[in-house]
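Biologist: I have the structure open and I'd like a quick tour. Can you walk me through some of it?

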Amino acid sequence: MSRLTTLYDKIWDAHLVDEREDGTCLLYIDRHLIHEVTSPQAFEGLLNAGRKVRRPDLTLAVADHNVPTSDRSNGVDDDESRIQIETLDKNCADFGVELYGMDDIRQGICHVIGPEQGFTLPGTTMVCGDSHTATHGAFGCLAFGIGTSEVEHTLATQTMVQTKAKNMRVTVDGDLPLGVTAKDMVLAIIGAIGTAGGTGSVVEFAGAAIRNLSMEGRMTVCNMTIEGGARAGIVAPDETTFEYLKGRPKSPKGAAWESAVAYWKTLKTDDGASFDQEIALNASEIVPQVTWGTSPEDVLPITDVVPNPADESDPSRRTKMERSLTYMGLKPGTPLTDIKIDRMFIGSCTNSRIEDMRAAAEVARGRKVADHVDAMVVPGSGLVKEQAEQEGLDQIFIDAGFDWREPGCSMCLAMNADKLMPGERSASTSNRNFEGRQGPGGRTHLVSPAMAAAAAIAGHLTDIRELEAE
Amino acid sequence: MKKFETLTAVAAPLPLINVDTDMIIPARFLKTIKRTGLGKSLFYTLRYDEDGREREDFVLNKPAYKDAEILVTGSNFGCGSSREHAPWALDDFGIRCVIAPDFADIFYSNSFKNGILLIKLPQEDVDKLIEGAERGANATVTVDLENQEIKGPDGGVMSFDLDPFKKYCLLNGLDDIGLSLEKEDQILAFEEKHRAAQPWSY
């Protein structure tokens, strides 16, 4: 009998080009997404060495991190940002790589457009010079975030050098209660395993609650795998996956589609395959989540209070907690729902897809953003924006006092003009609450899109379930 | 890539856990198309106050540690983003070696590709090195990659583990693109087989 293998093992084995005696492997890469921030030095390296892009046909480029989310018909004001974007344009033209330019409706956050175009496919390997590449794991695609040297390596060789990771499985069974979303689920998972809980592992997400998620929900879960320290997150493809991909511009067509689906159906972990680490959660026990500190693991149910460092026995963790609370300007014992916000951000590769827009608009409909709150909604791509506008979601947001903007990474990492001022506090649907992440001195509380919209309306962090009961 | 053989240098203590890549270098400094010049922005928020003046209490601003080439720090160093600007900033500042109980995966890989040696040690050994490093400039540490040994300021020796391929590349200053391109025949053969098995991927 053949060895029982996991989904990760199967995709790994199907892409192994070479293995050294010491375990260092060369893995073939089927898909490479590039963007303006982590690629210029890689192209410069190719030029200096006189190397070509080995497979431009497997490479797709888009500018997302740096682009303005305000009207961009007159170009980009910021000189450094403009130079990065122009450098990407030039490199793509010189090396023959397909690019969705700033005026292309398909432009958007790389982790939104890959799936949207059918560039992301089950059973493939993907890399991108961005840690949230884990997103594509939602399709049963083995997707790694890499640095610029590895971007250059992939451009030159269409492979990456890696050692095999450990297998970890997170099983979520049960039903998510009303008002509780994929974002709350992944925040609860990170709270349970910690920000380094997945280090050295590829995490497979399994169980009924994962199966019941839409592709958008699965992307949100896999997206934040990196916040648990894992190299990649992955979900076995199923009918939901195939339904999402069918008819996308870059998805296989006709007979190729049929044979692809037949193969994709074989992509699952064998019954009885062993994992190095297993975690189980019950979805029905998950309460809407909110972060209180400066690491995604600093997360609690919205019904809880700001924790007290005096209750932490580990000295390094206590020091970190004290530092976080000082930075966040919070006192132990404060109910999380008493925390007043100044800003709200709906967007990022975690939560900027059509389903996220719908969830937030549902909360915003017929309500008003609190007077003291500045709320911005940034769709993940030009196509998400167009669809939301066709559904009239933009008007719901605008009527409620939200700012409806152009697609990009925006205030998730504050590389463009969208940023928090020192001391400003935001309810954000993005993925990181690190010190200064959304602007120097800015204070971030990570939440789901519905919880963000609810906070903007209430003016403080709030339990979406109470708003829904009104 | 620069070779790493033996390094004798001042070690700076940074006893914080979960030092993330935004702390190592905030995103607003990534708007560059070069790898160089990032050292001045290393640990920007920890290093400078709101007016851009050096904070006297930050370790790398203290005279004793201005020339530190080794950093000793807490677990999960480098967590967060895949930005290679983090090791570029460390390298540009002059840090050639970081010692911690563990590191985030992508940062770990990125550092070795820039000639920076990352060493994982048990917490108690890291604690000892931090204690030694707190004595400042007179307490130098020697890192010997060939023998995988660290000599502390008082002559105590600790050994460390390292993946043999990473060690080989670092000792010889080899960039792995050249090594991988030597496998071109294997890559071509793989592509042919893969295209036949999964034609829709092409």
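Predicted model: local features only at pLDDT ≥ 70, side-chain atom pairs only at ≥ 80, totals over all residues.

Biologist: Good. Where is Ser410(A), then?

Modeller: Ser410(A) is in a loop of chain A, between S17 and strand S18 (425–428). Its phi is positive, about 55 degrees, although Ser410(A) is not a glycine. Most residues other than glycine have a negative phi.

Biologist: Is Ser410(A) buried or exposed?

Modeller: Buried means under 20% relative accessible area. Ser410(A) has 0%, so it counts as buried.

Biologist: Which residue of chain B has a positive phi without being a glycine?

Modeller: Asn76(B), with phi near 65 degrees. Asn76(B) sits in the loop between strand S2 (70–73) and helix H3 (85–93) of chain B. Its relative accessibility is 2%, so Asn76(B) counts as buried.

Biologist: What's in the loop between S18 and S19 of chain A?

Modeller: Arg437(A) is found there. With a relative accessible area of 4%, Arg437(A) is buried.

Biologist: What is Arg437(A) in contact with, leaving aside neighbours within four places in sequence?

Modeller: Its contacts include His132(A), Cys412(A), Asn431(A) and Arg432(A) in chain A. Asp22(B) and Arg83(B) of chain B are among them too.

Biologist: New topic. What order do strands S3 to S7 of chain A take in their sheet?

Modeller: S5-S4-S3-S6-S7. This open sheet has 5 strands and parallel pairing. At the edges are strand S5 (98–100) and strand S7 (142–145), each pairing on one side only. From one strand to the next, the twist averages 20 degrees.

Biologist: How do S6(A) and S7(A) pair?

Modeller: Strand S6 (125–128) and S7(A) pair in the parallel sense, over 4 bridges. Cys128(A) has Gly145(A) in S7(A) as its bridge partner.

Biologist: Which helix lies across S3, S4 and S6 of chain A?

Modeller: Helix H5 (148–157) of chain A. H5(A) runs at about 130 degrees to strand S3 (31–34).

Biologist: And chain B: how do S2(B) and S3(B) pair?

Modeller: In the parallel sense, over 3 bridges. Leu71(B) has Val98(B) in S3(B) as its bridge partner. Look along strand S3 (97–100) of chain B as well: Cys97(B) and Ile99(B) point one way, Val98(B) and Ala100(B) the other way, and all are buried.

Biologist: Now the rings. How many aromatic pairs are there over all chains?

Modeller: The count comes to 16. Take Trp257(A) and Trp264(A): their ring centres are 5.6 Å apart and their planes are at 85 degrees, so the pair is edge-to-face. Both are buried. Phe397(A) and Phe402(A) also form an edge-to-face pair, at 5.4 Å centre to centre and 70 degrees between the planes. Those two are buried as well.

Biologist: Which residues form an aromatic cluster in chain B?

Modeller: Phe77(B), Phe103(B), Phe107(B), Tyr108(B) and Phe112(B). Lys166(B) lies over the face of Phe112(B), 5.8 Å from the ring centre. Elsewhere, the charged end of Arg195(B) sits over the ring of Tyr202(B), 4.6 Å from its centre.

Biologist: One last stop. Where is Ser251(A)?

Modeller: In the loop between helix H9 (239–245) and helix H10 (254–264) of chain A. At 4% relative accessibility, Ser251(A) counts as buried. Its side chain reaches the backbone oxygen of Leu245(A) at 2.6 Å. Beyond four places in sequence, its contacts include Gln117(A), Leu121(A) and Trp257(A).

Methods: Residues numbered from 1 in each chain as written. Chains lettered and ligands numbered in written order. Heavy atoms only, no water. Helix = DSSP H or I, 4+ residues; strand = E, 2+ residues; numbered from the N terminus. Buried < 20%, exposed > 50% of the residue type's maximum accessible area, 1.4 Å probe, protein only. Polar contact = N/O pair within 3.5 Å; in protein donor to acceptor, adjacent residues only side chain to side chain. Contact = heavy atoms within 4.5 Å. Phe/Tyr/Trp six-rings, centres within 6.5 Å; stacked < 30°, edge-to-face > 60°. Lys NZ or Arg CZ within 6 Å of the ring centre and 35° of its normal. Pairing = 2+ DSSP bridges. Axes fitted to C-alpha atoms, helices over the stretch in contact; angles between N-to-C directions.
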